[in-house]
Amino acid sequence: MRPAVLVTAAAILSWSALIAISRILLVRYDFDPWAYTFIQLCAGGVSLLAIGGYGRVSLGSFARPSTWILGVLRVLSAALFTAVLVHVSAMEAGVLGAINMPMVAVAVWLVFGRRPARLEWLGHAVILAAIAPLVVSLEGGIANPAVILMILNEIVLVAGTLMAERHPDNTGTEPGSRARFTGAVLLVTAGLFLALRVLEVGGVGDVEWSAPLIVSAVLVGVFLRGPSMFLTFWSTRLVGSQNYVACCTLLPVIGMALEQAAFHLGLIDVTRFRPETVLLTAGVIAGTLIAVASRLRAARRKEPIHA
């Protein structure tokens with residue numbers, strides 16, 4: 001199995017586990033979501049900087065403006081996605097988020113000059129057709145806040161993904177450089193999270209910094225948040241923005257499967273499983289497969305024939 005496939009699969013599984021475990025911890029133990037995320041980011045960032053520096057902390061990635069821009073984009077994305085979840089379930093948000101497939105295709109065409117294959121547009125049409133019933137079912141349709149917020153979120157995500165693909169610290173083959181870059185992005189994101197918290201509520205004095213919260217967040221940050229980001233940037237470098245985004249359409253499915261398992265094991269008391277949303281997700285995945293297959297077929301046709 002090619003390294004690109006292994007890295008991408010590991011990234012998707014890692015994110016799915018992070019989302020499922022975080023939901024269990026937040027629901028079961030009522031941790032403060034902001035504090036939990038902030039500690040995660042810090043723990044993951046520091047551990048990656050230490051690993052990338054082989055025992056010494058390297059701060060080179062902090063000097064690049066693109067690292068700070070990535071941090072800003074990640075904070076914006078987190079804020080927008082959280083706002084979306086106020087209006088729809090996580091799996092419905094996953095269906096709406098599939099709009100990033102046609103968006104990233106257009107963005108890659110405009111920015112990198114990689115024109116989508118002819119049949120690839122059919123896959124994007126199927127994705128949009130799968131999203132349409134959910135949009136129509138929402139109050140106000142396309143004017144619903146969830147739809148508007150998700151479109152904004154995907155614009156931010158696409159911009160961040162394209163930037164990560166071409167970031168100087170992510171284009172090489174040296175793992176240490178990528179680890180330092182990922183750690184820097186996580187710590188920049190954590191710093192911006194803290195700044196927004198101070199501006200919004202004046203500080204962190206109302207947070208209950210309990211030992212279970214700190215220990216859980218540190219462990220998840222070191223073993224899941226940090227690796228998830230590292231694998232994401234590595235996968236983006238290996239397979240490109242479009243293919244990574246395509247694989248991300250599996251996140252809601254895997255995440256819901258893990259959440260259902262947690263529900264049946266008694267780890268959480270509420271499930272958000274809805275059969276109709278699963279059907280729409282299946283449509284999104286079908287469209288994604290068509291788009292990816294068309295892209296790969298077009299790429300093979302362009303490969304030179306060696307004697």
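Glycine 240 lies in the loop between H9 and helix H10 (241–247). The model is predicted: local features need pLDDT of at least 70, side-chain atom pairs count only at pLDDT 80 or more, and totals for chains, interfaces and linings use all residues. Residues are numbered from 1 along each chain as its sequence is written, and side-chain values use heavy atoms, with hydrogens and water left out.

Glycine 240 is buried, at a relative accessible area of 9%. Here buried means under 20% relative accessible area, exposed means over 50%, and partly exposed is in between (1.4 Å probe, protein chains only). Glycine 240 touches Glu165 and Ser235, with residues up to four places away in sequence not counted. Contact means heavy atoms within 4.5 Å. Leucine 296 is 56 residues from glycine 240 along the chain, and the C-alpha atoms of the two are separated by 12 Å.

The chain has twelve helices and zero strands. Both are DSSP runs numbered from the N terminus: helices are H or I with at least four residues, strands E with at least two. From the N terminus on, the elements run α-α-α-α-α-α-α-α-α-α-α-α. The radius of gyration of the chain is 20 Å, close to the 19 Å that the globule rule gives for 307 residues, so the chain is as compact as a globular protein of that length. This radius is taken over C-alpha atoms, and the rule is 2.2 Å times the number of residues to the power 0.38. Along the principal axes, the C-alpha atoms fill a box of roughly 60 × 50 × 35 Å. Buried residues make up 48% of the 307 residues. Among contacts between residues at least 6 apart in sequence, 83% join residues at least 24 apart.

Two packed helices are described by the angle between their axes and the distance between the axes. Axes are lines fitted to C-alpha atoms, for helices over the stretch in contact, and angles run from 0 to 180 degrees between N-to-C directions. Angles under 35 degrees count as roughly parallel, over 145 as roughly antiparallel, 65 to 115 as roughly perpendicular and the rest as oblique. A crossing is left-handed if the near helix is turned anticlockwise from the far one by less than a right angle, and right-handed if clockwise. For residue classes, Ala, Val, Leu, Ile, Met, Phe, Trp, Tyr, Cys and Pro count as nonpolar, Asp, Glu, Lys and Arg as charged, and the others, Gly among them, as polar.

H1 packs on helix H9 (residues 211–239) at an angle of about 150°, with the axes 8 Å apart. That makes H1 roughly antiparallel to H9. Their crossing is left-handed. The contact of H1 with H9 holds 18 nonpolar, seven polar and one charged residues.

H9 also meets H8. The axes of H8 and H9 come within 9 Å and cross at roughly 120°. The two helices are therefore oblique to each other. H8 passes H9 in a right-handed crossing. On H8, the contact is made by Pro175, Arg178, Ala179, Phe181, Thr182, Val185 and Leu186; on H9, by Arg225, Gly226, Met229, Phe230, Phe233, Trp234 and Arg237. These residues divide into nine nonpolar, two polar and three charged.

Arginine 178 belongs to helix H8 (residues 175–201). At 3% relative accessibility, arginine 178 counts as buried. Arginine 178 touches Asp169, Asn170, Gly172, Phe230, Phe233, Trp234 and Arg237, not counting residues up to four places away in sequence. Arginine 178 and phenylalanine 233 are 55 residues apart in sequence and 7.8 Å apart in space, C-alpha to C-alpha.

Helix H4 (residues 90–97) packs on helix H6 (residues 120–137) at about 130°, with axes 9 Å apart. H4 and H6 are therefore oblique to each other. Their crossing is left-handed. Glu92, Val95 and Leu96 of H4 make the contact with Ala130, Ile131, Leu134 and Val135 of H6. By class, this contact has six nonpolar, no polar and one charged residues.

Two exposed positions complete the set. Aspartate 30 is found in the loop between helix H1 (3–29) and H2. Aspartate 30 is exposed, with a relative accessible area of 66%. Its phi is positive, about 55°, although aspartate 30 is not a glycine. Isoleucine 51 sits in helix H2 (residues 33–52). At 56% relative accessibility, isoleucine 51 counts as exposed. Isoleucine 51 and leucine 110 are 59 residues apart in sequence and 36 Å apart in space, C-alpha to C-alpha.
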